[in-house]
Amino acid sequence: MMSQVSARTFLSSVAVLVTLWLCCSHPSLTVNGEYFSSVEQMKQLLKLEESLISSLDVYIKLHEQKIEFLHRQRTNLMKELKHGQKDEIGYVSNPISAFLLTHRLVSDWERIRNFLDMGVGAKLTNSSAMPTSEDLIGVAEGIGRLQDLYQLSAKDMANGKILDRELHRSLTPGECYLIGTRLSAASQHKFATSWLREALRRWTTENPGVSKVEILNALSYSLSQQFHYEEALEFNRQALKLQPDNPLALKSKEPLEKWIEYERQYGLPPVANAPADHSKFYSLCRGESPRTAAEVSKLRCRYESNRVPFLKIAPLKLEEVSLDPFIVVYHQVISDREIKTFIEITRNSLKRAMVGDHTKQEVSKQRTSSSAWLDDPMHVYVRTVSRRTEDMTGLTMWAAEELQVGNYGIGGHYLPHYDYATPEEGKEPYANIGKGNRIATVMYYLTDVEIGGATVFPEIGVGVFPRKGSAVFWYNLHRNGTPDPRTLHGACPVMLGSKWVANKWIHERGQEFRHPCALDPKL
């Protein structure tokens with residue numbers, strides 16, 4: 001990654017040399033008059049040419065330094081690119097290398113682009129849209145989410161270790177600082193502080209990549225946002241000791257002192273919008289199961305062949321995950337060829353997945369994935385999987401939605417939610433579809449995930465980890481048609497790997513004879 005300090009220094013020297021070149025090369029600044037009318041005047045032309053050659057030397061030196069600088073940057077960038085191309089999925093799904101890649105494209109390449117515009121005349125071109133600062137913050141949020149879930153320390157991650165695996169090189173103080181400031185921008189101040197402390201711990205005068213005052217100011221701010229005012233003031237004082245006229249440190253000093261005085265008199269201010277408790281969700285995501293051996297011993301694996309005649313010659317491999325509510329996993333139910341086709345069809349049409357019903361849908365940090373929809377007429381494999389879903393569930397696909405194919409991002413997750421709708425009294429659920437509520441869900445796993453990505457049910461202590469070619473099936477409603485709150489479920493953050501899924505949501509209309517309603521309110 002381009003060193004910010006070296007880039008600033010070099011750009012400053014470029015500006016000085018450009019000024020020198022302009023001053024030396026402009027004839028009006030040296031000699032005026034009609035040269036041909038006097039030999040004495042003509043002698044001055046030799047001096048003029050001498051000065052022009054001198055200024056040309058300056059220009060050549062400037063561009064030699066520029067080319068040398070660009071060669072160094074290209075060498076560093078090519079080294080990172082080759083490292084990423086060895087294992088593309090592993091590289092871009094690793095939250096740290098993904099952050100550094102995004103930062104290079106958002107910031108470093110923009111600096112190089114501006115640098116090239118300073119007189120060379122060449123332009124950088126790119127074949128697709130560049131990432132934005134929003135992407136950079138999104139990756140930083142994924143890092144914070146994974147730190148929280150897997151209880152990862154910034155020190156270990158900065159050393160290249162994630163869950164006892166060596167995944168990337170050791171980070172520089174400047175890179176730790178960048179991650180910390182982006183986490184702070186995303187209001188992830190707890191994790192921002194850990195990264196900024198690590199940046200400060202690693203900082204040296206030999207290879208800083210960022211000034212110590214910048215780290216101290218960022219650390220002071222992040223601590224103040226967690227109401228740690230006294231420690232924030234201490235770092236503020238350290239910054240002022242190093243640079244007494246630093247504007248940011250001077251501006252922050254008085255508010256911190258006032259907050260400390262306020263805390264002494266009245267205590268800490270109340271915490272607004274305390275975060276939701278996702279401890280059960282996170283525990284299951286880590287693979288910690290609260291179920292006893294006696295509970296698990298009741299579950300069975302079996303072949304299922306009694307729904308339709310076709311299953312007599314190709315029975316389904318069924319694994320029971322929960323008996324009440326009914327949740328099962330079907331193994332080897334979607335082929336590699338079908339999976340490859342679905343991913344290829346949707347790869348270029350993925351859009352950020354939203355939350356909400358048909359009346360209001362919006363992008364939310366609850367869900368970090370992208371998705372696309374496949375209708376049966378689009379491809380024979382889509383129709384085949386719809387028929388297979390009907391064979392698996394015994395439910396008619398007349399009342400099913402299109403197949404939704406989704407891919408999760410860095411630390412991609414979907415916080416616990418229900419698949420059924422709970423409309424206001426007198427209103428129909430999913431009125432835009434007109435087929436009642438979502439009676440059941442089938443989720444196909446299109447890829448294996450190296451670390452993370454499980455589908456977990458916090459209310460019943462059940463977790464299903466992705467296995468390529470398998471599908472998980474459950475009912476969202478009781479037999480009497482009322483919602484079953486025990487089906488609250490979420491998608492765990494993806495730590496390493498690319499998680500692709502295909503969802504089929506099935507509605508209740510048309511299921512009257514396939515999944516008869518029960519009059520008993522307890523069923």
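**Pocket lining, cysteines and a sheet**

The lining of the largest pocket divides into 21 nonpolar, 17 polar and 12 charged residues. Here Ala, Val, Leu, Ile, Met, Phe, Trp, Tyr, Cys and Pro count as nonpolar, Asp, Glu, Lys and Arg as charged, and the others, Gly among them, as polar. The model is predicted, so local features need pLDDT of at least 70 and side-chain atom pairs pLDDT 80 or more, while totals for chains, interfaces and linings use all residues. Residues are numbered from 1 along each chain as its sequence is written, and side-chain values use heavy atoms, without hydrogens or water.

The pocket is lined by 50 residues, with Val-92, Leu-101, Thr-102, Asp-135 and Ile-410 nearest its centre. A pocket is an open set of points on a 1 Å grid over the protein atoms alone, with protein on both sides within 12 Å along at least five of seven lines, and lining residues have an atom within 4 Å of a point. Its volume is about 2,000 Å³, taken as the space filled by probe spheres set on the points, which are joined across faces, edges and corners. Elements that each supply at least two lining residues include the helices α2 (39-86), α4 (95-116) and α5 (133-150), and the strands β9 (369-374) and β10 (403-408). Helices (H or I, at least four residues) and strands (E, at least two) are DSSP runs, numbered from the N terminus.

Next come the cysteines. The structure holds one disulfide, a pair of cysteine sulfur atoms within 2.5 Å. Cys-285 and Cys-492 form it, with their sulfur atoms 1.9 Å apart. Cys-285 lies in helix α12 (279-285) and Cys-492 in the loop between β17 (489-491) and β18 (494-496), so the pair ties together parts 207 residues apart in sequence. The torsion about their S-S bond is about -85°, which means that the disulfide is left-handed. Both Cys-285 and Cys-492 are buried, where buried means under 20% relative accessible area, exposed over 50% and partly exposed in between (1.4 Å probe, protein chains only). Cys-176 is also buried, because its relative accessibility is 0%. Cys-301, with a relative accessible area of 62%, is exposed.

Strand β17 also belongs to an open sheet of four strands, in the order β11-β17-β14-β15 with antiparallel pairing. The edge strands, β11 (414-417) and β15 (462-464), each pair on one side only. Strands pair if DSSP finds at least two bridges between them. Two bridges join β11 to β17, and His-417 stands opposite His-489 in β17.

How values were computed:
On a 1 Å grid over the protein atoms alone, a cavity is a set of points where a 1.4 Å probe fits but cannot get out, and a pocket is an open set with protein on both sides within 12 Å along at least five of seven lines; lining residues have an atom within 4 Å of a point.
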